[in-house]
Amino acid sequence: METKSDTVDTIRCPTKRAQAPPITQIKPASLTSGRQVPDSPTAVVYCEGNFAQIDGKTANGLVRHSQAYRILSVIDSTYRGQDSGSVLDDRMNQIPIFGHLEAAVAHEAVTPDTLIYGMAPSTGRLSTADRGVILKAIELGMNIVSGLHEYLSDDSEIANAALGRNVTIRDIRKPKPSKDMRLFDGSVARVKALRIAVLGTDCAIGKRTTATVLARALNAEGIKTVLVGTGQTGLMQGAKYGIAMDAVPPQFCCGELEGAIVAASEAEQPDVILIEGQGALSHPAFCTSAFILRGSQPDAVILQHAPKRAHRCDFPNMPMPSASSEIELIEAFADTQVIGITLNHEGMSDAEITDTIAAQSQKLGLPVTDALARPTAHLLAMVVATYPGLAQMPSMAAI
């Protein structure tokens, strides 16, 4: 245990404003899009009219990565007949898209176990058409998973239908009773693992995706890493630790997140804990980033930014902030440092990504990369440049 403590103390000593070293110093991790566990329950993801769009971020995330469910297909008539990986990332993943539920079920030899509602509309509620699909899935004997603010298990029609077919409804955002919730007590300060929060300049900008890619890459290099989820998609994907932050009363947000981090630390003894971000600290419609910074007390922050996004998601009259202004706000609000920028390349050509990485890095004095469009080694280098103690881990020493 003494060796472990000494190593972690070394890891936690940052190099302020370090630039990423040459990528040849770190071996790229092999990351397979849509990694799934074969024995997991099978699922069809419903995302009508929204796949590969901002409001389809839950479906987007699940086809890229899912440990809790084995994703069989996506429902969105807009892309009927296409491969979801090709639509989303220009890479085949063998997860087809169907135009309706009946076609998705007919494609399988056995009825899939689960229908996942794969959209995150700003209203957080179920449409009339979507209700019909949910009821049809229940009639077919499928369990239901939903991340809506409207709890389907409280809907008498849906709940009674589920009871009649002996299927379950899993409301990801339904919090436990407040009497069972936890207040912040400062115990997160005793967590020895390096804590890194992945925040952003807007909602639905790729924070969870970047955190997932980084967690898998660090683990592939022998740096034991746990990702703490803070939203419905991360929990659906199979995050072992976490809470749906926007469904918890504000008084308990910091304490509930702290509890998840402490639990992850005690059970897993990781070297790094990554905390998935929500919203943006500067966004007036969300307060979750503030709770994440307070509850997790991160040693460092990686900031996700979409350079081509003109306005905040769902707020056309609200211009996007700059990366530099968000960095200033984060570092003024919390005792932490932003160690790098990751890009959401929506609306950008490959040449624009390259130019933006160079320009932003020079302007901000920070390493900049794109977790999906650039080698994972760049993302690893961003972390190791600031925390060189990570490179002293046994598996990294030989790289």
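This is a short tour of a predicted model, stop by stop, for you to follow in your viewer.

**Stop 1: the parallel sheet**

Start by showing the strands β9, β8, β10, β7, β11, β14 and β15. In that order, these 7 strands make an open sheet with parallel pairing. Now colour residues 241-242 (β9) and 368-369 (β15): these are the edge strands, each with a single partner, so one side of each has no neighbour in the sheet.

**Stop 2: β10 and its two partners**

Next, select residues 272-276, which are strand β10, together with residues 194-200, strand β7; the two pair in the parallel sense over 5 bridges. To see how they line up, pick Arg195, whose bridge partner in β10 is Ile273. Ala197 stands opposite Ile275 of β10.

Which way do they point? Val272, Leu274 and Glu276 go one way, while Ile273 and Ile275 go the other. Glu276 is worth a click, as it is buried along with the others.

**Stop 3: a pair of crossing helices**

Select helix α7 (residues 207-220) and helix α13 (residues 376-386). Their axes come within 10 Å and cross at roughly 80°, and the two helices are therefore roughly perpendicular to each other. Show side chains for Thr210, Val213, Leu214, Ala217 and Leu218 on α7, and for Thr376, Leu379, Leu380 and Val383 on α13; these residues make the contact. Sorted by class, they are 7 nonpolar and 2 polar residues, with no charged ones.

**Stop 4: the aromatic pairs**

How many aromatic pairs does the structure hold? There are 2. For one of them, select Tyr46 and Tyr117: the ring centres are 6.1 Å apart and the planes meet at 45°, so this pair is tilted. Tyr46 belongs to strand β1 (residues 42-46) and Tyr117 to strand β4 (residues 114-117), so look for partners 71 residues apart in the chain. Both Tyr46 and Tyr117 are buried.

Finish with Phe51 and Tyr79, an edge-to-face pair with 6.5 Å centre to centre and 80° between the planes. Phe51 sits in the loop between β1 and α2, and Tyr79 in the loop between β2 and α3, so the pair ties together parts 28 residues apart in sequence. Phe51 and Tyr79 are both buried as well.

Definitions and conventions. Residues numbered from 1 in each chain as written. Predicted model: local features only at pLDDT ≥ 70, side-chain atom pairs only at ≥ 80, totals over all residues. Heavy atoms only, no water. Pairing = 2+ DSSP bridges. Helix = DSSP H or I, 4+ residues; strand = E, 2+ residues; numbered from the N terminus. Axes fitted to C-alpha atoms, helices over the stretch in contact; angles between N-to-C directions. Parallel < 35°, antiparallel > 145°, perpendicular 65-115°, else oblique. Contact = heavy atoms within 4.5 Å. Nonpolar A, V, L, I, M, F, W, Y, C, P; charged D, E, K, R; others polar. Buried < 20%, exposed > 50% of the residue type's maximum accessible area, 1.4 Å probe, protein only. Phe/Tyr/Trp six-rings, centres within 6.5 Å; stacked < 30°, edge-to-face > 60°.
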